[in-house]
Amino acid sequence: MEQLAARWAHNPKVVGSSPAPATEPEDFFLSAFFILLISKIMFTVYALYSEKHHKIYIGMTSNLEKRFFAHNNLPKGWTANFRPWKLVHTEEFSSKEEALLREKELKSARGRESIWNVINEKL
């Protein structure tokens with residue numbers, strides 16, 4: 001039976017997928033490297049304030065500098081209508097799940113109230 005299966009795997013007339021090759025040692029180390037790299041990524045929950053329009057925006061990102069630039073400079077999106085934005089609050093998390101949970105908390109009525117309190121203390 002093994003010979004028959006081996007012939008089918010190499011027969012170009014057979015249609016379908018072939019089984020994935022065994023993982024090579026280099027693949028394992030490369031995968032471990034990316035897992036280590038991903039585990040070092042920090043996630044930031046942030047709050048922006050538009051003094052001109054008296055609005056707040058709460059978001060989450062893995063690259064705060066790039067995201068803040070996008071809010072103040074890119075032509076599309078909800079935040080484009082309420083520029084300029086000031087960064088008024090940040091919190092860092094080691095996992096995306098924690099950051100998303102905190103973002104959701106800050107977007108609640110109680111969370112928005114706490115952000116407004118931070119803004120009023122800074123003004």
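A residue counts as buried when its relative accessible area is under 20%. By that cut-off Tyr 49, at 4%, is buried. The structure described here is a predicted model. Its three-stranded sheet is open, with the strand order 2-1-3 and antiparallel pairing.

- Strand 1 pairs with strand 2 in the antiparallel sense, over seven bridges. Within this pairing, Tyr 46 stands opposite Gly 59 of strand 2.
- Strand 1 also pairs with strand 3, again in the antiparallel sense and over seven bridges. Thr 44 stands opposite Glu 92 of strand 3, while the bridge partner of Val 45 in strand 3 is Glu 91.
- Strand 2 and strand 3 stand at the edges of the sheet; each has a single partner strand, so one side of each lacks a neighbour in the sheet.
- On average, and with direction ignored, neighbouring strands of this sheet are turned by 15° against each other.
- The hairpin of strand 1 and strand 2 has four residues between the strands, and His 54 in this hairpin takes a positive phi near 55°.

**The covering of strand 1**

- In a regular strand, side chains alternate between the two faces of the sheet.
- In strand 1, both faces are covered. Phe 43, Val 45, Ala 47 and Tyr 49 are buried on one side, and Thr 44, Tyr 46, Leu 48 and Ser 50 are buried on the other.
- Accordingly, eight of the eight residues of strand 1 are buried.

**The helices against the sheet**

**The largest nonpolar core**

- The largest nonpolar core has 13 residues, of which Val 45, Ile 56, Ile 58, Ala 99, Ile 115 and Ile 119 touch the most other members.
- At least two residues of this core come from each of strand 1 (43-50), strand 2 (55-61), strand 3 (86-93), helix 4 (96-106) and helix 5 (109-122). Strand 1 gives the most, with four residues.
- Apart from neighbours within four places in sequence, Ala 99 is in contact with Phe 43, Val 45, Met 60 and Phe 93.

**Aromatic pairs**

- A search of the whole structure finds six aromatic pairs. One of them joins Tyr 49 and Trp 116 edge-to-face, with 5.8 Å centre to centre and 85° between the planes.
- This pair links distant parts of the chain: Tyr 49 belongs to strand 1 and Trp 116 to helix 5, and the two are 67 residues apart.
- Tyr 49 is buried at 4% relative accessible area, whereas Trp 116 counts as partly exposed because its relative accessibility is 22%.
- Trp 78 and Trp 85 form a tilted pair, with 6.2 Å centre to centre and 35° between the planes. Trp 78 has a relative accessible area of 43% and is therefore partly exposed; Trp 85, at 3%, is buried.
- Trp 78 and Trp 85 also belong to one aromatic cluster that includes Tyr 46, Tyr 57 and Phe 82.

Conventions: Residues numbered from 1 in each chain as written. Predicted model: local features only at pLDDT ≥ 70, side-chain atom pairs only at ≥ 80, totals over all residues. Heavy atoms only, no water. Core = buried A, V, L, I, M, F, W, Y, C linked by side-chain atoms within 4.5 Å. Buried < 20%, exposed > 50% of the residue type's maximum accessible area, 1.4 Å probe, protein only. Contact = heavy atoms within 4.5 Å. Pairing = 2+ DSSP bridges. Phe/Tyr/Trp six-rings, centres within 6.5 Å; stacked < 30°, edge-to-face > 60°. Axes fitted to C-alpha atoms, helices over the stretch in contact; angles between N-to-C directions.
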